[in-house]
Amino acid sequence: MNRAWMLALGVFATILASMAGLVLIPEKQLRATAPVKDEERDITLPAGYYGDIEEGRRVYMDLGCIYCHTQQVRPEGFGADIDRGWGVRRSVARDYIYDEPPLMGTMRTGPDLFNIGARQPSAQWHYLHLYQPQITSPGSIMPPHRFLFEVRHSPDGLPEDAVRLPDEFAEKKPAWIVPKDRARRLVAYLLSLDHNYEVPEAR
Amino acid sequence: MDTSPDTSGPSATPAEERERLTRIQIDRSCRQAVVWYYASAVFWLLVGTVLALIASIKMHSPGFLAGWEWLTFGRVRPAHLAAMIYGWGSMAGVGTLLWLQARLTRNRLPFPTLLPATAVIWNLTVAYGLVALFAGRSTSIEWIEIPPETAILFGFCIAVLIAASIRMLRQRESKHTYVSQWYLFGAIFWFPVLYVSAQIFLHTPAARGAVKAAANWWFAHNVLGLWFTPIGLATVYYLIPKVIGRPVHSYHLSLLGFWTLAIFYNWAGTHHLIGGPLPAWLITVGIVGSVMMFVPVVTVAVNHHMTMVGNFHHLKYSPTLRFVVYGAVCYTAVSFQGSLQSLRSVNEITHFTHYTIAHAHLGVYAFFTMVMFGAIYYVAPRLLNAEWHSAGWIRVHFWTTAVGMAIYWLGLTWAGWQQGRMMNDPRIPFLDIVRYTVPWLWSRSFAGVLMTIGHLSFAWLFWNMLRQRGAYLPGPTLLVRRKEESAVAAGGEG
């Protein structure tokens, strides 16, 4: 093979072919995917991201949650995602239409979070868990995110969402953790993660 | 191909002497640019190593350095990847690519100021990317976490590299192109197409929602398959024959290996999305591409093995050969593993586990990084007219990285497999699985310490190489002193 143009042609042809096959054609196939209408509540789903939820998603991205948590549910009979209670149905492309970018992840050092808002709807739980994961999940190897909180030792003037730390986790008792804005937004995002609605392609 | 040693003895004929002078001229023309790329690569290797250790320790001891937001696990991990992929791997790769092309086309390296300048720009781009990650500007898209504007800077550097490559190829001395040249030519075009188009797909509505994940893995898998792998294989194809002094076993196998890699590797990326929310055909295409990778891998393995047959005793002496052959063997291993891992039944267990992390390091480290170490051991003395100052440190480098990588892979492969099986059994509480993996995560940190010792030895050797502390020797630094007669018989490493 001594002709440079043949080499160049092959090099470009192979990569353009895979780009078309793995990206452009799927995009064409899925482009028209629309949200589903929930007649009872008169909303469309997925709901999309607005305000605090949208900003919380940004926090999720900048802290790199994706490296230990997936956001996808594998189908019934493939793995045990549904049996573990991570969702009532498999995740489908429709769930991600507003995701820029999708945060599907590839690693489950921690559990899947696709429906964490349904599974764990308590903001207090999330604040304690983020502050020190060992409080809610003994044995967890998730890093503590203390920098998202302020610690106070007096009950005076605490905001409504302050949470009392269990004494064994407080250096000085009593202690309350007050979430900073980023923690509030992150938890708003986590609580919004609920994809247990019905879609036609996965019943 | 010509295998006579660069350093001829008193018996050299005039033709050999001319050949030697030509090579010295080519090597001298590469000096500025390639040394810049190599020295930068070694710097990023150290940065990436520190970040790797921090990330690894945090996994079993989450309280470690937990007070600083910028050092939280979710930022250190992508920073480790960026430092290793865009810093160490790419810069060592580009340095090797430039030198190989100059040697293969028998041209002097063009653009004597512009090429070193691209190394500087490349460094600034990587540094900018890391700062952005530490500051929380991650795109949260695996393998391409650094901000999209880096595409402009990398794009400029690569444009210069392409111009240099085309110029050298057009002015090549012989009409024949050597197999390494094909791989290098492929890599230098594939990488910019991937990087720039991935930025477009991922940051504009050109691809939306779930399709962005497909674009992500088309890109990420091909950075390994169409950037690192071809540069690594080009290096193996060049250095094994060079060191042992005999030509590549089969031209036709080389041809088959190259084109099947170009055709099949391209399509393998979507095996990262098995079980995910994308059309089944798209995933199946990825699996087919992955399984078909057996063809180029077996082809290349047979070709390299048949070239090496009867010459394995050189592994005892030659640092270059030892690293390169370790890398080549691991290329076969990682590719076999990858093909099997893409099967749905295997992937059901290994997906989302440490098994995948072990697999990734078998590719990027045990194959590519080890080959690059071998290349630098071969090339740097020729650029700097000095020898490596200590065979002892080279031995330390080899054994700590080789053994460290083995421990890394064994520990996480086993742990990942068990982790996957346990995760697929819903009766086992999730936190029990986490606890199960912790001792194995410690084994990874232990392996990481070994590899760090290796990298420090290598950096120390390279530092002394830059200061030309080693003797100016007519022959190479060998790991073991060999007997007089065998040294004459196999002077290929010269």
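**Note on a predicted two-chain model**

1. In chain B, 84% of the contacts with a separation of 6 or more are between residues 24 or more positions apart, two residues being in contact if their C-beta atoms, placed from the backbone, lie within 7 Å. This is a predicted model, in which local features need pLDDT of at least 70 and side-chain atom pairs count only at pLDDT 80 or more, while totals for chains, interfaces and linings use all residues. Residues are numbered from 1 along each chain as its sequence is written, and chains are lettered from A and ligands numbered from 1 in the order in which they are written.

2. The secondary structure of chain B consists of 15 helices and 0 strands; helices (H or I, at least four residues) and strands (E, at least two) are DSSP runs, numbered from the N terminus. With a radius of gyration of 22 Å, close to the 23 Å that the globule rule gives for 494 residues, chain B is as compact as a globular protein of that length; the radius is taken over C-alpha atoms, and the rule is 2.2 Å times the number of residues to the power 0.38. The C-alpha trace of chain B spans about 75 × 45 × 40 Å along its principal axes.

3. Of the 494 residues in chain B, 56% are buried, where buried denotes 20 or more other C-beta atoms within 10 Å of a residue's own, exposed 12 or fewer, and partly exposed anything in between, with C-beta atoms placed from the backbone. The largest nonpolar core has 200 residues, and those with the most contacts inside it are B:Val34, B:Ala82, B:Leu98, B:Ala187, B:Ala214 and B:Ala215. Helix 6 of chain B (residues 210-244) gives the most to this core, with 24 residues. Such a core is a set of buried Ala, Val, Leu, Ile, Met, Phe, Trp, Tyr and Cys residues joined through C-beta atoms within 7 Å. Neighbours within four places in sequence left aside, B:Ala215 is in contact with A:Val23, B:Ala198, B:Phe201, B:Leu202 and B:Ala207.

4. Between the chains, 60 residues of chain A are in contact with 73 residues of chain B. Helix 1 (4-30) and helix 2 (51-62) of chain A each supply at least two residues of the side of chain A that touches chain B, and the largest share of that side, 17 residues, comes from helix 1 of chain A. By residue type, the side of chain A that touches chain B divides into 35 nonpolar, 15 polar and 10 charged residues, with Ala, Val, Leu, Ile, Met, Phe, Trp, Tyr, Cys and Pro counted as nonpolar, Asp, Glu, Lys and Arg as charged, and the others, Gly among them, as polar.

5. B:Trp267 deserves a separate look. This residue lies in the loop between helix 7 (251-264) and helix 8 (280-292) of chain B and is buried, with 25 other C-beta atoms within 10 Å. Apart from its neighbours within four places in sequence, B:Trp267 is in contact with A:Ser18, A:Gly21, A:Leu22, B:Val285, B:Gly286 and B:Gly289.

6. In chain A, 3 strands form an open antiparallel sheet in the order 3-5-4, two strands being paired if DSSP finds at least two bridges between them. Strand 3 (149-152) and strand 4 (163-164) of chain A stand at the edges with a single partner strand each, so one side of each is left without a neighbour in the sheet. Strand 3 of chain A is joined to strand 5 (residues 176-179) of chain A by 4 bridges, and A:Arg152 stands opposite A:Trp176. Strand 4 of chain A pairs with strand 5 of chain A over 2 bridges, where A:Val163 stands opposite A:Ile177. The covered face of strand 5 of chain A holds A:Ile177 and A:Pro179, and the uncovered one A:Trp176 and A:Val178.

7. The peptide bond from A:Leu45 to A:Pro46 is cis, with omega near 0°, and A:Pro46 falls in the loop between strand 2 (43-45) and helix 2 of chain A. A cis peptide bond also joins A:Glu100 and A:Pro101, with omega about -5°. In chain B, phi of B:Leu65 is near 55°, a positive value in a residue other than glycine; B:Leu65 is in the loop between helix 1 (14-60) and helix 2 (73-105) of chain B and counts as partly exposed, with 16 C-beta neighbours inside 10 Å.
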